[in-house]
Amino acid sequence: ASPVAAGGTVTYQLVVTNAGPSNLVGASVADSVPAELTGVTWNCTVSGSATCGAASGSGNVALTVDIAAGAGNAVTITVTGTAPVTTPSTIGANTATVTVPAGTTDPNLGNNTSTVPAIPVTPLAIDAVDDTGAVASGAAGGTAVPNVLVNDTLNGAPATLATVTLTQVSTTNPNVTLNPATGAVNVAPGTPAGTYTLVYR
């Protein structure tokens, strides 16, 4: 449940063991992965005397396992996905289940559940630095700032139109506007000379 950076990789493991005394054959392992994760893949590895019904997969976990009785025999399923970039601020908890086949007589081989706890998501650090620009003549209009992102950073790296979404929040003159597709601050022809402020997010 350690925090993960927004857009970072999340990994957790499901480990199934068999204390015996009977061998476990054809047990179903299922895990509905958290809905907040994207690009989920999983793989299954074994130790000792055990087998996986599927070596790998994507999305929700669903496979069968065989595990001989005794210490050292185990199946490990490693789930990997990508944390959300914006909201929510947590990746929700989820429950994995192990279901033994019907007719299993060993009282030690019962159905089992395990909860993967919620994982906090740490927002990426955004540093939007003020820009200053001008046009030669308000009568002609033009571009005061070619791209407001030039001096901005996202988690320490240069912010680009591919990594952030720009939105105009306000302007003190409706003739001074932000083009969110290019990052340019444009001044419409006929704008009176003066100093104006535009706020973007």
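Is Asn18 buried or exposed, and at what relative accessibility? In this predicted model, Asn18 has a relative accessibility of 4% and therefore counts as buried, the cut-off for that label being under 20% relative accessible area.

## Asn18 and its surroundings

Asn18 sits in the loop that links strand 2 with strand 3. Its side chain takes part in two contacts with backbone atoms: the side chain reaches the backbone nitrogen of Gly20 at 2.8 Å, and a polar atom of the Asn18 side chain lies 2.9 Å from the backbone oxygen of Ile67.

When residues up to four places away in sequence are left aside, Asn18 touches Asn23, Leu24, Ile67, Ala68, Ala69, Gly70, Asn73 and Leu109.

## The nonpolar cores

The largest nonpolar core comprises 31 residues, and those with the most contacts inside it are Leu63, Ile77, Val79 and Ile91. Two or more residues of this core come from each of strand 2 (9–17), strand 3 (24–31), strand 4 (38–47), strand 7 (61–67), strand 8 (74–82), strand 10 (94–99) and strand 12 (119–122). Apart from this core lies another, made of 14 residues, among them Val148, Leu154, Ala159 and Val185.

Val79 belongs to the residues with the most contacts inside the largest core, and, not counting residues up to four places away in sequence, Val79 touches Val10, Thr11, Tyr12, Asp31, Val33, Val40, Thr41, Trp42 and Val61.

An open sheet is formed by 3 strands in the order 1-12-9, with mixed pairing. Its edge strands are strand 1 (4–5) and strand 9 (90–91), each of which pairs on one side only.

Strand 1 and strand 12 run parallel and are joined by 2 bridges, and Ala5 stands opposite Thr122 of strand 12.

## The hairpin of strands 18 and 19

Strand 18 (residues 176–179) and strand 19 (residues 184–187) pair in the antiparallel sense over 4 bridges, and Thr177 stands opposite Asn186 in strand 19. The two strands form a hairpin with 4 residues between them, and Gly183 in the turn has a positive phi of about 85 degrees.

Technical notes:
Residues numbered from 1 in each chain as written. Predicted model: local features only at pLDDT ≥ 70, side-chain atom pairs only at ≥ 80, totals over all residues. Heavy atoms only, no water. Core = buried A, V, L, I, M, F, W, Y, C linked by side-chain atoms within 4.5 Å. Buried < 20%, exposed > 50% of the residue type's maximum accessible area, 1.4 Å probe, protein only. Contact = heavy atoms within 4.5 Å. Pairing = 2+ DSSP bridges. Polar contact = N/O pair within 3.5 Å; in protein donor to acceptor, adjacent residues only side chain to side chain.
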